[in-house]
Amino acid sequence: MAATTGMPDTELVELAREGSQEAFEALVLRHGDRLHATLRSFGLTTTEADDVAQETLLRAWRGLPRFDGRSGFFTWVYRIAFNEAQRRLARRPPAPEQSDDALERVADARPATHAAAEHRELARALDHALRRLAPELRAPVLLRDVEGRSTSEAAAILDLHPAALKSRLHRGRMALREQLAPYLT
Amino acid sequence: MALLRKLRFRRDHRWTPAQLSAFLDDELGARARRRVVRHADDCPECGGLLRSLRRLLGALASAPPPEPVAERLVVRFREALEHRHGD
């Protein structure tokens, strides 16, 4: 991996498009943690996120020659990941609750402050509220507010116009706020 | 003047809640931004809504860093690639 260390993403993407598996793996090493975390945020268990990440990476690798560069490389990969995640979630048998560890990154936040207990209570309530949120509102909130993606990135990943993304984001936030009102005053 | 103020307050009270996400994301123009600030200062309901949305965004952003799984993903990717080549 030494040859790819410190190389900018754009160069790695170019090399990967030319067939360099080493460059592609360097990109995965650089961005794989966040990709996996995003899949978890969509409501997948760790095992499901592993499987979906693998399928996403295989599709991305095979699709690289067709990647036209109109969107950023990782926006493109995240879009594949989002579609794969949706497919996986649709195949799940109906259950009253989602996976027991889905979205727990939010509930597991452990701030080292004197208000830790109060914060944990809010994080737990937030976790439940996110699970109850309609998927079309949850994905924009997760991408923008949990994962920190920009509006244009999140819109590209979800294949939405930025205005539609903003509208869903606002509705999602307002719905969460309503559910969590006692914790947010 | 009092009537004008009252009318402006009502108009801004209807308008403000829908602008709060854009306000918090710094996506409003300067004039609209000033209008939100002015109304949120005057209106306990909208001011409270703004504060609670701010707190919500803070809680959403406080998720811990992602698990270090990238090396595992690379290993699985290699194995899957070899497996599919072997098919």
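1. Just after helix 8 of chain A, A:Asp159 adopts a positive phi of about 60 degrees. Helices here are DSSP runs of H or I with at least four residues, numbered from the N terminus. Within helix 8 (residues 151-158) of chain A, the buried residues are A:Glu153, A:Ala154, A:Ala155, A:Ala156 and A:Ile157; a residue is buried if 20 or more other C-beta atoms, placed from the backbone, lie within 10 Å of its own, exposed if 12 or fewer, and partly exposed in between. These buried residues pack against helix 4 (73-91), helix 7 and helix 9 of chain A.

2. The model is predicted: local features need pLDDT of at least 70 and side-chain atom pairs count only at pLDDT 80 or more, whereas totals for chains, interfaces and linings use all residues. Residues are numbered from 1 along each chain as its sequence is written, and chains are lettered from A and ligands numbered from 1 in the order in which they are written.

3. Chain A has a mean pLDDT (the predictor's confidence in each residue, from 0 to 100) of 85, with 87% of its residues at 70 or more. Confidence in chain A is lowest in helix 5, at a mean of 56, and highest in helix 9, at 96. Residues 98-102 of chain A have pLDDT below 50, and this stretch has 11 contacts in the model beyond near neighbours in sequence.

4. At the interface, 34 residues of chain A are in contact with 25 residues of chain B, contact being defined by C-beta atoms, placed from the backbone, within 7 Å. Helix 2 of chain A supplies the largest share of the chain A side, eight residues. By class, the chain A side comprises 19 nonpolar, five polar and 10 charged residues; Ala, Val, Leu, Ile, Met, Phe, Trp, Tyr, Cys and Pro count as nonpolar, Asp, Glu, Lys and Arg as charged, and the others, Gly among them, as polar.

5. A:Gln54 lies in helix 3 of chain A. The residue is partly exposed, with 19 other C-beta atoms within 10 Å. Not counting residues up to four places away in sequence, A:Gln54 touches B:Arg76, B:Phe77 and B:Ala80.

6. In chain B, helix 3 (residues 30-42) and helix 4 (residues 44-60) pack at an angle of about 115 degrees, their axes 5 Å apart; axes are lines fitted to C-alpha atoms over the stretch in contact, and angles run from 0 to 180 degrees between N-to-C directions. The contact involves B:His39, B:Ala40 and B:Asp41 of helix 3 and B:Cys46, B:Gly47 and B:Leu50 of helix 4.

Methods: Contact = placed C-beta atoms within 7 Å. Helix = DSSP H or I, 4+ residues; strand = E, 2+ residues; numbered from the N terminus.
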